[in-house]
Amino acid sequence: MAVKKAFRASIAHCIDDPYVLTSGALQYIEDGLLLLEDGKVETLASWESMQGSEALHGIEVVDYSGRLIVPGFVDIHMHYPQTDVIASHGKQLLEWLSKYTFPAEQQFGCETHALEQAEFFVEELLRNGTTTAMVFATVHPQSVDALFKVAGNYNLRIAAGKVMMDRNCPESLRDTPVEGYEQSQ
């Protein structure tokens, strides 16, 4: 049996590529209805055109009037191990990495720490509307496993992998090309 959900709100989404079609790519419905069937969009229309329709028979409409519904955001470059060092001051990249990032990343050798950080990171992504992300982990295979496990629990679409470093980093974060390749397999 199909599960249907309906939401009333202002709705904004792209109906075409805004880089190709610079005018008219965005559709905005001030008072709209989003009808989902099994989590997929079945109908997107104005509330006025759908109010009282047979398509809504027996379905509770969650009213978010005055709020905006948009598709989930996509972030194509994130480092989840750096969540705790965001906005840390560094004059140069290597200084910043040495003072903040490398010490934070070394902790991801502990599976429990990696899972806790992945949980916080994924919850923050979803809290801010990001439903798809390309994410860097650390050199530790368990950091990647933790991220995939937590992302799977929340049904977050994610592309991620093990980071590989063989210079300009502490020994505890250093890979050899062979080791990095084998662990990535």
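Colleague: How do α3 and α4 lie to each other, and why do you call it that?
Modeller: They are oblique to each other. The angle is about 40°, and oblique covers what is left after roughly parallel (under 35 degrees), roughly antiparallel (over 145) and roughly perpendicular (65 to 115). Angles run from 0 to 180 degrees between N-to-C directions, with axes fitted to C-alpha atoms over the stretch in contact.
Colleague: What should I know about the model and its numbering?
Modeller: It is a predicted model, where local features need pLDDT of at least 70, side-chain atom pairs count only at pLDDT 80 or more, and totals for chains, interfaces and linings use all residues. Residues are numbered from 1 along each chain as its sequence is written, and side-chain values use heavy atoms, leaving out hydrogens and water.
Colleague: Where are those two helices, and how far apart are the axes?
Modeller: α3 is residues 111-127, α4 is residues 141-153, and their axes are 8 Å apart. Helices are DSSP runs of H or I with at least four residues, strands are E runs of at least two, and both are numbered from the N terminus.
Colleague: Which residues meet there?
Modeller: From α3, E111, A114, L115, A118, E119, F121 and V122; from α4, Q142, S143, A146, L147, K149, V150 and A151. Contact means heavy atoms within 4.5 Å. By class, the contact has nine nonpolar, two polar and three charged residues. Nonpolar is Ala, Val, Leu, Ile, Met, Phe, Trp, Tyr, Cys and Pro; charged is Asp, Glu, Lys and Arg; the others, Gly among them, are polar.
Colleague: New topic. How much space lies in the largest pocket?
Modeller: About 560 Å³. A pocket is an open set of points on a 1 Å grid where a 1.4 Å probe fits, with protein on both sides within 12 Å along at least five of seven lines; lining residues have an atom within 4 Å of a point. The volume is the space filled by probe spheres set on points joined across faces, edges and corners.
Colleague: What lines it?
Modeller: The largest pocket has 16 lining residues, with L34, I69, V70, P71 and G72 nearest its centre. β1 gives the largest share, three residues. The lining has eleven nonpolar, five polar and no charged residues.
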